[in-house]
Amino acid sequence: LKEYYGFDKPVLVSYFDWMGKVVTGDLGTSYRYNQPVTQVISSRFPVSLYYGLITLIITYLVCISLGVLKAIKHRTVVDNVTSILIFVGYAIPGYALGSLLLLYFSVKLEWFPMGGFTSMQFAEKDLWGKIADLAQHSALPLICYLVGSFALVTLLLKNQGCPVLLPTTRQWHSRLLVTFSDSDHLWSEHHFTGVRLFFDRNHF
């Protein structure tokens, strides 16, 4: 074991031997799969990249809109209700939520598969069949990924947007009210002038 892990050599020699292997891409052998670590990472990297990109896109598409809405509706029912839902989702651990989703939607209702990235017949399906199969297998894992990231990104965007959006919204409402007030005032003056000219011309 000492020879295998390099403990039979001085510390500096062992360290530089390990660093040389890391730089050249030799990360050793996986204890679990008994395969080179680089091979294990490369075989699973596309799946991780897929979930990472989809989670990033959906998170920002939803959270930007939700964060702006919460900033505009600050301290209203919409803000309070969405905050409660976000924190409840954030408080549930991903593994616990995943277990509950599998138990209910996969075991009880049988709407989604229990595991896997694609089905066994994935290669035999057409394009739309592959998309539907991939979406069915990705739905539950994506929910677990998204719930945790929603709270952080939404509140961050809301807190960044409140100092900007609230004064802007109030200024817009103030300008709108002033515009309507000025319009009403001008219309009243114009109407009064027209009536006065009518009476003057007809000598009432």
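1. The chain holds six helices and zero strands, where helices (H or I, at least four residues) and strands (E, at least two) are DSSP runs numbered from the N terminus. This is a predicted model, in which local features need pLDDT of at least 70, side-chain atom pairs count only at pLDDT 80 or more, and totals for chains, interfaces and linings use all residues. Residues are numbered from 1 along each chain as its sequence is written, and side-chain values use heavy atoms, with hydrogens and water left out.

2. Of the 204 residues in the chain, 18% are buried; buried means under 20% relative accessible area, with a 1.4 Å probe and protein chains only.

3. Next, have a look at helix α5, residues 94-108. Its 15 residues should span 21 Å at 1.5 Å a residue, and the end C-alpha atoms are 20 Å apart, so the two values agree. The expected span is 1.5 Å times one less than the number of residues. Leu 97, Gly 98, Leu 101 and Ser 106 are buried in α5. Just after this helix, Glu 110 has a positive phi of about 60 degrees.

4. Now to Ser 30, in the loop between α2 (11-23) and α3 (37-72). Ser 30 counts as buried because its relative accessibility is 15%. Apart from neighbours within four places in sequence, Ser 30 is in contact (heavy atoms within 4.5 Å) with Gln 35, Val 37 and Val 40. Ser 30 and Val 40 are 10 residues apart along the chain, and their C-alpha atoms are separated by 7.8 Å. A polar atom of the Ser 30 side chain also lies 3.4 Å from the backbone nitrogen of Arg 32.

Key:
Buried < 20%, exposed > 50% of the residue type's maximum accessible area, 1.4 Å probe, protein only. Polar contact = N/O pair within 3.5 Å; in protein donor to acceptor, adjacent residues only side chain to side chain.
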